[in-house]
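Here are a few notes to read alongside the model. Take them in any order you like, and keep the viewer open.

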Number of protein chains: 2
Amino acid sequence: MKSAKTILFYKTRKARPMLTYSFAQIGKKPLYEALYGFIREDIRTGTIKAGERLPSRRALAAQLGISAITVEGAYSQLIAEGYCHAVERRGIFASKLAAAPLRSADPPAPRAQTRPLRFRYDFATGNVRPEDFPFDTWRRLLRRIQNERAEEILSPVPAQGALVLREAIATHLAAFRGLSVAPENILVGAGSDQLTLLLPALLGRERTYCVEDPGYGRTRRAYEASGVRCVPCPLDEAGVRPEAVRQAGGGILHISPAHHFPTGLIMPISRRYELLAWASEQEGRYILEDDYDSELRMTGRMIPTLMSIDAAGRVLYMNTFTKTLTPTIRVSYLVLPNSLAARFREKLGFLSSPVPSFEQYTLAAFIAEGYLEKHINRMRSKYRRRRERLLAVLKADPLRGRLEIQEQGAGLHFLLRLHTEKSDEALATALAAASIRMTPLSAYYARGGREAEHTFVMNYTALDPALLTEDLATRLASCL
Amino acid sequence: MKSAKTILFYKTRKARPMLTYSFAQIGKKPLYEALYGFIREDIRTGTIKAGERLPSRRALAAQLGISAITVEGAYSQLIAEGYCHAVERRGIFASKLAAAPLRSADPPAPRAQTRPLRFRYDFATGNVRPEDFPFDTWRRLLRRIQNERAEEILSPVPAQGALVLREAIATHLAAFRGLSVAPENILVGAGSDQLTLLLPALLGRERTYCVEDPGYGRTRRAYEASGVRCVPCPLDEAGVRPEAVRQAGGGILHISPAHHFPTGLIMPISRRYELLAWASEQEGRYILEDDYDSELRMTGRMIPTLMSIDAAGRVLYMNTFTKTLTPTIRVSYLVLPNSLAARFREKLGFLSSPVPSFEQYTLAAFIAEGYLEKHINRMRSKYRRRRERLLAVLKADPLRGRLEIQEQGAGLHFLLRLHTEKSDEALATALAAASIRMTPLSAYYARGGREAEHTFVMNYTALDPALLTEDLATRLASCL
């Protein structure tokens with residue numbers, strides 16, 4: 001862990017208080033730095049004792065055959081670091097150093113991080129393929145911004161994010177989600193995990209945070225990491241039940257009503273009103289609406305947001321550019337009700353925005369100039385074709401009749417239930433051997449999940465369309 | 001806050017259960033979407049009652065003179081959103097909706113955020129001037145990375161940050177700070193505020209976090225926002241006193257020993273050993289060494305790090321590219337002792353890295369290919385000249401003898417003490433009128449700070465060198 005370059009030196013000493021060092025083997029190090037190192041070691045080891053006076057600059061310079069300025073440089077550094085101190089008109093003295101703590105064991109070095117295995121058919125990632133990211137447009141916009149707004153992008157942006165980006169997001173939300181929000185209500189963050197981590201600082205740490213079970217496990221872990229009580233609430237066919245939230249003593253409820261992850265469930269309007277009624281019952285109750293992939297819904301009209309029917313200012317809306325652009329751009333945002341937006345500015349407005357201004361300004365232009373809309377439309381068609389192609393492979397021989405597809409929400413993933421007698425463990429082994437990676441639905445349950453057996457969450461955005469052939473079906477069939 | 005585009009429509013109704021709508025004024029909206037809107041409003045308003053059966057697809061299509069597929073589209077969407085439900089072999093029925101919560105007041109819209117005032121002479125920001133950021137190199141490296149590593153930069157990076165960046169940072173630390181660390185011990189974060197916010201999740205929330213008083217106020221506020229007890233500890237001429245930390249019951253101590261902000265104090269070696277001894281006394285005590293601007297020290301040799309003399313694994317080292325590159329790049333990092341690096345992976349390894357991969361990979365190349373070193377050397381000379389020029393203006397007429405300069409640490413700021421009878425409030429008014437912005441030292445005290453009167457913290461990196469003329473001195477003199 002720690003070092004301190006070993007300093008090679010020769011040292012001979014005749015008589016005190018004259019210090020005698022040899023500079024024969026100091027290499028390319030400046031003279032003053034070598035001298036500083038010699039004297040520092042002598043003080044550390046007690047060769048020069050605490051309180052001992054060092055020779056004057058001139059005397060030491062003459063003694064060593066170097067310039068007084070060199071000695072001055074070494075002495076200044078020793079004084080700056082506290083190895084010596086100057087006493088006016090009396091000279092420079094070695095300081096008293098506290099004893100160094102005993103070396104105790106910092107546990108052995110951690111194992112090296114291993115690269116994840118690569119699978120031929122990987123349904124476990126929601127990555128974006130290189131040909132699906134608009135690199136050229138992005139680069140062109142970034143270049144323009146660096147040329148035209150250099151001063152702006154080098155100046156700190158407000159805690160809520162750059163105004164141009166919040167304006168662009170407001171326009172996007174109006175067009176894509178029918179939400180009319182003010183830029184003052186938007187908070188830009190470095191990904192949904194980070195926003196989730198921050199929420200207890202805004203909504204309070206004494207409250208219980210309820211999440212969906214099954215659900216996106218990182219949401220729960222992020223709440224737990226931020227030090228609050230987090231309770232997974234079971235779902236029925238309409239989503240989280242208000243009674244489950246009441247029983248848990250929930251104050252905050254985090255849900256994805258437009259397209260539940262991972263089941264794809266769309267929360268019906270009646271349950272939405274029930275949950276809004278729950279939130280309105282008591283001061284300080286809030287619903288976090290996580291709308292992570294709604295823009296890429298494949299069929300029918302968009303599902304309206306919960307926030308749009310919230311009359312009481314109890315819904316926080318969260319969305320991300322992870323699905324519409326790429327997970328690695330790390331831009332998510334919250335839309336806050338007025339009261340919480342004001343509270344954010346008061347309590348957390350001192351923070352630096354965590355998102356680099358290059359991303360904020362480029363993304364703002366990307367949205368404002370219509371590239372995001374075009375990109376989303378293009379990706380919807382692309383992903384729809386990729387999905388249909390995959391479904392065709394799964395429904396044809398040799399898999400015909402040996403599985404079931406649940407694609408309720410028709411977003412960027414669906415559920416696949418395999419007809420098999422094998423246990424999920426045995427299946428996992430067989431799948432890995434066939435170079436197929438699929439995450440079992442049970443992995444998303446906080447408790448139980450037995451009803452999820454033989455069911456897998458299928459992400460297909462990262463898949464090479466050319467690979468969607470009978471080979472996949474044959475391999476998968478061999479696992480059943 | 002909420003909207004829902006007003007839907008213009010004519011509606012006439014003759015007899016139940018046949019619905020009759022006119023599509024004359026729906027504009028460009030698809031037919032199915034208009035029909036969905038009509039029926040949804042009828043269910044919401046109770047015109048169609050809960051439990052009422054809707055006409056069959058074929059019957060309604062014939063009635064309205066539209067295709068059955070259009071009716072199918074509208075019905076699917078209504079079912080997806082839960083306004084209706086299908087009962088097998090019996091048809092489609094309007095669902096029962098819970099009552100909408102009463103509209104309660106979400107407090108009035110927050111005030112629009114105002115742009116900060118601009119000052120001719122602004123000593124309050126540590127911004128980077130556009131000509132001082134290496135845009136061309138940055139853009140070239142980003143372009144190369146997007147071309148050559150497209151798949152990598154679109155794949156999620158580990159919670160600790162991209163391995164190439166951590167390797168580059170390790171090399172940089174060895175060269176610039178004499179610290180030998182493994183990439184496995186580095187954690188890349190989205191700025192120092194964000195890393196500070198995260199620390200209690202790693203080090204524990206039951207501990208008391210001590211910070212320096214005076215000190216960087218955002219550190220304290222970030223600890224408080226993350227829900228832990230935070231105590232500002234007064235400094236003596238060597239920095240924080242171990243007794244002050246003991247009295248506060250401190251478990252974690254956050255300091256900047258190489259160049260204290262804002263006083264510029266360099267912590268002497270004896271105090272360093274005293275604090276290391278304090279940390280070693282009890283399990284779980286840690287020192288956070290905030291090394292925010294050490295690479296840009298203007299005089300003498302670098303001040304060695306506290307971590308390099310920590311034998312017990314009790315020091316966390318934090319640094320940032322805010323000063324060496326730009327605050328808006330939002331990349332900071334921690335070096336963790338082995339035990340804490342392992343704990344991070346176990347407890348927080350599930351998090352997404354908050355820094356966009358574009359920044360991570362570009363910065364990695366920027367460091368690894370030697371551009372950062374060149375840039376730092378160039379900026380050291382530039383800033384040194386800027387500093388000298390500013391000091392010359394301040395020391396010459398008409399300010400000669402009317403102020404005092406304290407530049408202990410010789411980093412990117414220094415302290416200016418004005419000889420004046422005016423109160424700090426009166427001074428602030430006069431300075432603003434002269435278009436000069438300087439932050440009073442007292443603003444950095446958590447308690448007291450009377451000894452700081454008439455003293456100001458002078459940041460000069462953002463200053464236009466051409467402005468460093470007698471005009472500044474004349475204006476400043478007029479304020480005294």
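Predicted model: local features only at pLDDT ≥ 70, side-chain atom pairs only at ≥ 80, totals over all residues.

1. Now for how the two chains sit together. If you turn chain A by 180 degrees, with a shift of 0.0 Å along the axis, it can be laid on chain B with an RMSD of 0.1 Å. The two copies are therefore related as by a two-fold rotation axis. Both copies use the same surface, as 100% of the contact residues of chain A recur in chain B.

2. On to the interface itself. Contacts involve 121 residues of chain A and 121 residues of chain B. About 10,000 Å² of area is buried between chain A and chain B, and carbon and sulfur atoms give 57% of that area.

3. What about charges and polar atoms? The rule finds 2 salt bridges across the interface of chain A and chain B. One of them joins A:Arg118 to B:Glu151, with the closest N and O atoms 2.9 Å apart. On the side of chain A that touches chain B, you'll find 63 nonpolar, 28 polar and 30 charged residues. Between the two chains, 19 residue pairs are in polar contact, with both residues at pLDDT 80 or more.

Definitions and conventions:
Residues numbered from 1 in each chain as written. Chains lettered and ligands numbered in written order. Heavy atoms only, no water. Contact = heavy atoms within 4.5 Å. Buried area = accessible area lost by both parts, 1.4 Å probe. Salt bridge = Lys/Arg side-chain N within 4 Å of Asp/Glu carboxyl O. Polar contact = N/O pair within 3.5 Å; in protein donor to acceptor, adjacent residues only side chain to side chain. Nonpolar A, V, L, I, M, F, W, Y, C, P; charged D, E, K, R; others polar. Least-squares fit on C-alpha atoms with pLDDT ≥ 70 in both.
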